[in-house]
Amino acid sequence: MTGDHYFTPTPGSAARPREIAFSAGGREYALASSTGVFSADRLDPGTAVLLRKAPLPGDDATGTFLDIGCGYGPITSVLAVGAPRVRVVAVDVNERARALAEQNMATLGVADRVVVAAPDDVDPALRFDQIWSNPPIHVGKAELHDLLLHWLPRLTPDGTAWLVVARHLGSDSLADWLGGQGFPTVKHASQKGFRVLRVAAASR
């Protein structure tokens with residue numbers, strides 16, 4: 001694919017700021033967004049399903065969580081605000097998205113517990129108790145598989161990943177593929193054409 005996409009490291013389009021308002025976990029959020037990032041004009045429907053159907057962590061949650069493809073930070077925001085004892089690592093290849101995510105975490109008062117980084121800047125020794133993602137399906141199957149095989153092995157032994165994928169874009173075949181790679185995967189919930197997958201750490 002060519003051109004300026006949400007997975008372009010440096011968007012070429014002029015930044016046009018906007019605000020995205022949504023609710024999740026009984027709280028209201030208003031996040032800064034802009035052109036050149038994923039779902040710049042609204043909370044992505046798949047992300048909305050993930051935040052509605054996957055079990056959001058609460059006050060008792062601890063550990064280190066990962067948001068793959070954080071964009072301007074809607075999933076990271078919900079995780080960090082709803083689980084005040086959790087540390088979140090938010091990764092995205094898009095530098096404009098990372099800047100917006102950092103801005104939003106500062107606005108929400110959770111920047112001390114959130115690290116926003118390019119994927120290659122994350123300590124390779126770091127392990128994650130939970131991974132959350134609305135993964136970038138449109139990068140192509142091979143790149144998507146490489147991305148998941150980069151991060152999923154970094155789950156802690158009891159860790160869980162929560163992914164949302166549109167059914168017409170291959171959620172069920174992805175679930176089968178993940179199982180074949182040694183990551184036990186369950187179709188946890190479905191809504192509005194999306195499937196939420198629960199992925200367990202591979203047995204060692």
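User: What does buried mean, and why does Tyr29 count as buried?

Analyst: Buried means under 20% relative accessible area. In this predicted model, Tyr29 has a relative accessibility of 5%, and because the cut-off is under 20%, Tyr29 counts as buried.

User: What makes the pair of Phe22 and Tyr29 stacked?

Analyst: The structure holds 3 aromatic pairs, and in one of them the rings of Phe22 and Tyr29 have their centres 5.2 Å apart, with 15° between their planes. Centres within 6.5 Å make a pair, and planes under 30 degrees apart count as stacked, so the pair of Phe22 and Tyr29 is stacked. Phe22 is buried too, with a relative accessible area of 7%, which is to be set against the cut-off of under 20%.

User: Why is the pair of Phe128 and Trp151 called edge-to-face?

Analyst: The centres of Phe128 and Trp151 lie 6.3 Å apart and the angle between the planes is 65°; because planes over 60 degrees apart count as edge-to-face, the pair is given that name.

User: Which parts does the pair of Phe128 and Trp151 tie together?

Analyst: Phe128 lies in strand β6 (residues 128-133), while Trp151 lies in helix α4 (residues 141-151), so the pair ties together parts that are 23 residues apart in sequence.

User: How do you know whether Phe128 and Trp151 are buried or exposed?

Analyst: Phe128 has a relative accessible area of 0% and Trp151 has one of 2%; because buried means under 20%, Phe128 is buried, and Trp151 is buried as well.

How values were computed: Residues are numbered from 1 along each chain as its sequence is written. This is a predicted model: local features need pLDDT of at least 70, side-chain atom pairs count only at pLDDT 80 or more; totals for chains, interfaces and linings use all residues. Side-chain values use heavy atoms; hydrogens and water are left out. Rings of Phe, Tyr and Trp (its six-membered ring) pair if their centres lie within 6.5 Å; planes under 30 degrees apart count as stacked, over 60 as edge-to-face and the rest as tilted. Buried means under 20% relative accessible area, exposed over 50%, partly exposed in between (1.4 Å probe, protein chains only). Helices (H or I, at least four residues) and strands (E, at least two) are DSSP runs, numbered from the N terminus.
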